[in-house]
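Let's take a friendly walk through a protein model together. Have the sequence and the 3D view ready, and follow along one stop at a time.

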Amino acid sequence: IIAEEENRCLLMMLLVRYLIGRDESRRWLMHGLLRSTIQLASRQNQVCSIVLISGLLLISVILIPQESFEVVLLRILWNDLWPLARGLGDHGAQLADILATYASRLFSSSEMLSVCDAELEAISTTVSRIEKEGHAGWYRQMTGLGLGWKTMLMDTSPCLDVAETVKLNSIKQEARFAANAMMLKLTCHYEISKVIIKLTDVKRNKMIKRVNLFYCPKTVESAVELKTCPELWQRASSCSALEKVNDSGVQVTANDTEVVLPLAIPVVTASLVIQFSELTESRQNQELHCPRCSSVVQPNPGLCEHCGENVFQCVKCRAINYDEKDPFLCQSCGFCKYARMDISVVCRPLPGVQPITTDTERASCVESMARLLCEMEQTRSQLAAGRGLCESLWLQARPLPPISFHVESPDAANALIAALPPINHQQPAIHALLLTTTHCKALHEELCMQTQQLIAFREELRSYDRTIKTAPLLHQAINQGFYNASSNCFGCLRASILHSLAILQSSCDDENCLERLLNSDVVFDTLVDVGRKYEPIREEVEMLLCRISLENEKGTQKLCDLVMNGKVSGTVLARSLNTFPDSLWQQKFRGLLKSAMKFNDHDTTLAALTIIDKCLVDAKPSRKRIYRKLQQRRRGIKNDGSQNLLDHRRVQIANRHLDSCATFGDWLEGKLNWNDCEAPPEKKPRNRADLTPSDSIKEHDAWMWRCLFSPWIAVRAAAAKIIVAVAAQPGHLGTAVSVILRGLPLASVAPAAMTDHFFRAAHAITSGGPSIKARLYSEGLHVWLIKVIYKECKRMHEEEQQETSMDHSFGTLLRSYVGA
C-alpha cells in the first residue's frame, strides 16, 4: 500500500482521515500504528504485518532492498501531508511528533537541512501573521487581567480546530417527562458515546432496576413529539463487561449509585429518551406525610385530614398524576422523590442534516441554509459588539468615542443591544469584563456550531448535485478548508510554531542544521521576541535554546548573552543545567548567578538557589574526603596538646583550613575553575583582617541577604536550606555560624514575616552541640540577645498599653529570639 505508486491515493485518504482528522482517539491510533510500522520496518530482513483495530486498514509490507520503506513513508508524511496539516492547529500534533522523532534518524544531511530551512521560513511567516493580525494587544489585555490566552479564541471568523466541547449541562434545549421516562431535545446534533446517571439520596421503597436508552435519528420540532410518538424511538446499542446488559437495557443492582449506559458504537442524534423500564418496589408500609403540614396521611384515599392536600402531588410543582397514583417521575417537571439524579453525557457536538433525496428536500435545505446564514450574521454582529465592549472596559481613557456596527435591519439592531450583558457602572471593571468574556465565549461556541451546520448543508447539497453519484470508498470527502475557517486564529498559529519548534529541536542532531540554527536570526531574534511576548510559546522556545547550547560553546555564549541582556529569563539556564547537563555547565551556572544578582528576579533567584543546593549535595562526599586528608595532615604536626584540645572544641568563625570567600568571586568572573575551588589550599590563607572586601564580594553579600529576607517565602526557604546545608559540609560549620551572626542584626530590623526561615536555620545550626554555644558565648551573642529581647519586650508593652497596633504578627520576633 505504501511501496507502490498506484496505492498512494488510498494511503493519503487514510492519513487525512485518521492522522489529521477531528477525532483525537483516531489520531492517536494512527500515530501509534505509524510509529510501530517505522520501527518494525527499520529491522532488516523481516516481514511486517500491522492491522488497524477498527478493521479499516491492513498494511502488509515486504522490505525492498533498493530503498528503505520507512524512508519512503516518512517522505510521504513530510512532502505530501505536512503542508496540509501545518495549518490545522492541534490536529497536526501527532504528525509533528512522528516527523520530529524519525526525521533526524532517517533523512540524509541534505534533506534535514532543507527541513530546517522550511521550518525556519514557516516560523518567520507565522510570526509576521501574528503581528499583522494584532494579537499582541488582545493577548496583553486577557493575560494581564488573569483571564487566560484562550479567551482570545473568540474571532468572528471562528476556527473550528480549536472550538471547545459544549458543556454537558448545557446541551439540553427542551424536556418532557412521563411517569417513568424523560424525553430530551438537545441543542444540536451530538455524537453520544456514554450516558452516566449518578444517584444520591436513594429511598429503598422504590429503586431503579432496569434502564433503557433510546434516541431519535429524525430531527423533531419539539420534545412533545418524542412524548406523543414512541414509534420514533430507536434503542441505542449497549455493551459493558461490568453490567448485566441484554436487549432490554442495563440491569441495575440494589446498591448501585451510578448507572452507566455505554454505547459500543456512538450515535449521532439531537434527542434522547431515558426510560426506567423496571422499578423495585418495597412492600414495607411507609408513612406518607402531607407536603404542606407534614401530618401523617393514610395512602387511601391519600388526602390530608387537616389541610385537604393530596399526598401524592409533586412536592416541587404540586402537579398530580391522575393516571398513576405514585409515579417515579413527575410528568410536569421531572422531579423524582425517590432519588436525586445527576445525568451527564459523554459527547461531542456534530452538525446534522436530513439526507436529500428529492428536489423538494433540496429546496427545503436551501431555505434552511438561508435562515442559518442570517442567524450566523446576527451572531457575528453580537460577537463583534461583545469584543468591542471588552476592549472598552479594558481601556483606561474616558470618554470613549461612539462605536458603530453593521446590522441588517432595525430589529437586528434591537436584538444586538438586548443581547449585550447588563453592565453596572458601580462594579469593578474586571467583573464586568469577566461577564462580557463569558458572554462572548457562549456566542463563539454558537457561531462554531452554526458554521459546522453550514458545512453539513453545503456538503449534502454538493453530494446531491453531483451528476455521477458514487459511494465513497472509506468516507465522504470533506473540504479541509472549512475546518480551518480562520487562517489568523491565534490558537492555530501558536500550534504551528510549537510543531515547527519540535522539528527544529530534533534537527539539532545534525551538525549542518545546528550550524544553520546558530547563525539564524529567526532563532535568536524572532523566536526570542515572540517567546517573551507570548507565554504559550515561551517554554518551547527555551527548550530549543537549551538544545542548541548542548555541548556547543558558541550556542552557550549566545544563550548567556541573551540572559544578561534581559531578553530571556535566567530560568532557561537552570532548565539547561537540569535537563541537558554537559561539560559547559560552569559557564551556564555563572550566567545564572550573574542574572539572579543583576535583575533580582524571584524566579531566577529561586532557580539559582536550587542549583546551589544541588551542588552542595553533590560536593559533600568529596568535601568529606578533602577534610579527612586535612585532618590527617594536621595530626602529623606536633603541637601542644592543650592547644589541640582547644582547637578541637572551638568552632572557627573564619575558615582557616579552606580558601576564603574571595574564591567564589574569582570563579564567578571566570578566573578559577570549579575543581580549583574544591582542591585543598597549599598554604594558609591570610587573616580576615588582611582581606579587603572588593565590590564583587559586596555584591554577592548583598544578594545573599536579599535572598534570606526576601518577600517570597519560597526564596527564603531555599536560602535558609542552603545555610543549613553549608553547616553540614565538613569544615564549613564556622562559615554558617558567621552568616548567622552577621544576619541577626539585620533580622532584628526586618519585618517579622520575612525572618521566619532565617531564624529556623539559626536554631537548627546553633543547636548542634555545646561547642557551638560556647563559641557563640565567647563572641558575646548572649549580651546582644539580652538587649534585643529587652527592647522587643519594651516595644510590645508600649503598644499593648497604647493600643496603637493591630498587627497579627505581635510577638513573633520575640518568639524567634527565645526559640519557643
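Are Phe-758 and Phe-759 buried or exposed? Phe-758 is buried, and Phe-759 is buried as well. Keep in mind as you look around that this is a predicted model.

## Aromatic rings

A pair of aromatic rings is described by how far apart the centres are and by the angle of the planes. Searching the whole structure turns up six aromatic pairs. One of them joins Trp-705 and Phe-709: the ring centres are 6.3 Å apart and the planes meet at 20 degrees, and because planes under 30 degrees apart count as stacked, this pair is stacked. Phe-758 and Phe-759 also form a pair, this time edge-to-face, with 5.8 Å from centre to centre and 70 degrees between the planes.

Ring pairs connect Trp-705, Phe-709, Phe-758 and Phe-759 into a cluster. What is the relative accessible area of Trp-705? The value is 11%, so Trp-705 is buried, since buried means under 20%. Phe-709 has a relative accessible area of 12% and is buried too.

## A charge over a ring

Now find Phe-524. Lys-558 lies over the face of this ring, 4.6 Å from the ring centre.

## Strands side by side

Next, look for strand S9, which covers residues 258–281. Strand S4 (residues 181–200) pairs with S9 in the antiparallel sense, over 13 bridges.

Which residue of S9 is the bridge partner of Phe-214? That partner is Val-273.

## Helix H5

Helix H5 runs over residues 109–132 and has 24 residues. From its first C-alpha to its last it reaches 35 Å, close to the 34 Å expected at 1.5 Å a residue.

In an α-helix there are 3.6 residues a turn, so residues three or four places apart point the same way. With that in mind, pick out some of the buried residues of H5, among them Met-112, Val-115, Cys-116, Glu-119, Leu-120 and Ile-123. Thr-126, Val-127 and Ile-130 are also among the buried residues of this helix.

## Leu-733

Our last stop is Leu-733, which lies in helix H25 (residues 733–749). Its relative accessibility is 27%, so Leu-733 counts as partly exposed. Thr-766 is 33 residues away from Leu-733 along the chain, and the C-alpha atoms of the two are separated by 9.9 Å.

Conventions: Residues are numbered from 1 along each chain as its sequence is written. This is a predicted model: local features need pLDDT of at least 70, side-chain atom pairs count only at pLDDT 80 or more; totals for chains, interfaces and linings use all residues. Side-chain values use heavy atoms; hydrogens and water are left out. Two strands pair if DSSP finds at least two bridges between them. Helices (H or I, at least four residues) and strands (E, at least two) are DSSP runs, numbered from the N terminus. Rings of Phe, Tyr and Trp (its six-membered ring) pair if their centres lie within 6.5 Å; planes under 30 degrees apart count as stacked, over 60 as edge-to-face and the rest as tilted. Buried means under 20% relative accessible area, exposed over 50%, partly exposed in between (1.4 Å probe, protein chains only). A charge sits over a ring if NZ of Lys or CZ of Arg is within 6 Å of the ring centre and within 35 degrees of the ring normal. The expected span of a helix is 1.5 Å times one less than its number of residues.
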